[in-house]
Each structure stands twice: as C-alpha cells, then as structure tokens.
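Please keep the sequence and the coordinates at hand.

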Amino acid sequence: MELENGDDTDEHTVDEASRSVVDVLQIPANINDYPCIGSGRRSKQEKREIKQQRWIENKAARKEKLKLKDKIKRMNESLKADKPCIINKLTNDPDASRVHIVIDLSFDAMMSDKDIRKLCKQLQRCYTVNRRSNHPVQYAITNFNDATKRRFDDVVNGYVNWDVKFYEKHFTEIYEKSDIVYLSSDSCNQLECINDNKIYIIGGLVDHNHYKGHCLDIADEFEVSHARLPLTEYVDMSCRRELTINHVFELLVTYINNCNDWKSAIELTVPKRKLNST
C-alpha cells in the first residue's frame, strides 16, 4: 500500500509540475490550437492577417516606388517632346546627295559566323543613318551573294524594300575604275574632300585588325585609287585609326551633311574612347 501511495504522490507531483510549466509558458492545452504545430499549415485568417501586416509594413516602399515610376514617366514624356521628328528621306529626293558610298562584301570567306552577324548589324546601322540624314547618299552594296546574303535572308526582314542598291557583281563590273576611291586606313593618300563624281568604297570586312592592309591590297590588285580618312589631321587619336564599317559610313554622311567640316564630323562620329581629351 505504501508503494502504491508513493506512486500516486509522484504522479500528482508530475502533473502539477507540468501544469505549472504550461501556465508559465502560456502553452495551449490542446496542441491543435497551435496551427503551425498541430496541422503544419496556417489558417486562412492567419494568412490574411500576415498579408495585411506586410501591406502595412511595405506602404512606405510602395509609395516611393510609385513616385519614382511617375518621375521616370515625366522624364520620358519630356524627352519625347524635345526629340526631333525622325527624318526618313529617299536617295531620289531632290535634296539627296549625289555622292555614292559602296560597301564591298567580297570578304565573307575571311570571316567567322560571329563576324558575319556583326557585319549585318553594321550594314543595318548604315541604312538607318542614311535614311535619317538630311541629305542621304547613294548607298550600294556589292558582292551580295554569299554568307552575308544568307544571313540577311534569314534574319533581316524586308531588306529587299530598303532604299539601297544590292548588286551580286564585283564593284569593278559596276563602276568605272577611274571613278573609284577605295578607303583604307593604311593608304598614304589623305582624303581631303568628297567629290560627287567619285565612288567611295568601304571594305565590308570585320576582322579585328587580323588582316591589316588587306583593303589597300584590294585597291592595288584592281588598280583603283585609294585614300584614308584624315583622322589624325584633325583630332588626337588615343588608339589605332581603324573604324568599324558603320562609323566610316556615318562619318562620310555627317561630313556631307555638315558643311564639309572634317573636324566636326569626326568629333560627332568617332567613339569618344578613341579620342584623347584636350
């Protein structure tokens, strides 16, 4: 009997201790009253309360985000209002230039697929620059019959409607040799001015300077005149004089549209990283 009483006493002591702990920690008597412990999921009411609490906490951040969005919208509207209308002139307009600028695409076999893609983008850029100039030049592309043409057919939609003359033939089969001036940064001849009666040819080669002097070799091979742009005569170049196809094209167009001013045309066209600051 004493043993049984002793067991009862121990059981009562344990129960009292457990109740004391529950009271102190304020633990619900039914574990299911704790959703995160009993069911492992929050109730809909708890989710709503948490969502509402987050909404209140993020109110200031939302307000700042809306203010920033409104500020950007006003800036864009202001820029749009100040932006001049885009000019889209044709080469047969009365005020179009009579100067012919031709891009020779006889170098496809010397370029990788990646360089061909870059070349196509530069040709597109030339077209955009010309269409948006006040006095567009007579823009033509020769030897358009290899990898570049296939690339255009695949990705450049509507290029057949461009105001550009596309020729499959070599430039010597289209123009008189006496009228041609092949542009090359390696030429010893400085291009002092642009003549309406001349055909200025840009080599369509994206080579990262791997084929230095190749355009000059082409001019010598086909016995046509050659010249280089007068870059160092008007600005201080911080690196080599080679420019991308679209930069050469844009420089010539800018020169024609900017009162035949080389210095101004170069400063407006050549990337700033290539020029030494004065």
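The sections below start with the whole chain and then turn to individual elements and residues.

## Overall make-up

The model is predicted. The protein has 278 residues, and 35% of these count as buried. Its secondary structure consists of nine helices and six strands.

The accessible surface of the protein is about 18300 Å², and carbon and sulfur atoms hold 49% of that area. Taking contacts between residues at least 6 apart in sequence, 73% join residues at least 24 apart.

## Aromatic pairs

Over the whole structure, a search finds 13 aromatic pairs. One of them is formed by Y127 and W162, which are stacked, with 4.4 Å centre to centre and 5° between the planes. This pair links distant parts of the chain, as the two residues are 35 residues apart. Y127 belongs to helix α5 (residues 113-131), while W162 is in the loop between α6 (147-155) and β3 (165-166). Both Y127 and W162 are buried.

F144 and F152 are arranged in another way: the ring centres are 5.6 Å apart and the planes stand at 90°, so this pair is edge-to-face. The cut-off for that class is an angle over 60 degrees. F144 and F152 are buried too.

The residues of these two pairs belong to one aromatic cluster, made up of Y127, F144, F152, Y159, W162 and F166.

Helix α3 covers residues 44-57, 14 residues in all. From its first C-alpha to its last it reaches 20 Å, close to the 20 Å expected at 1.5 Å a residue. How many of its 14 residues are buried? The count is zero, and α3 is hardly covered.

A charge placed over a ring involves W55: R62 lies over the face of W55, at 3.4 Å from the ring centre.

## H247

H247 is found in helix α8, which runs over residues 245-257. Is H247 buried or exposed? Its relative accessible area is 17%, and the cut-off for buried is under 20%, so H247 counts as buried.

Which residues does H247 touch, leaving aside its neighbours within four places in sequence? H247 is in contact with T269 and P271.

Methods. Residues numbered from 1 in each chain as written. Predicted model: local features only at pLDDT ≥ 70, side-chain atom pairs only at ≥ 80, totals over all residues. Heavy atoms only, no water. Helix = DSSP H or I, 4+ residues; strand = E, 2+ residues; numbered from the N terminus. Buried < 20%, exposed > 50% of the residue type's maximum accessible area, 1.4 Å probe, protein only. Contact = heavy atoms within 4.5 Å. Expected span 1.5 Å × (residues − 1). Phe/Tyr/Trp six-rings, centres within 6.5 Å; stacked < 30°, edge-to-face > 60°. Lys NZ or Arg CZ within 6 Å of the ring centre and 35° of its normal. Areas by Shrake-Rupley, 256 points an atom, 1.4 Å probe, with all protein chains shown as cover.
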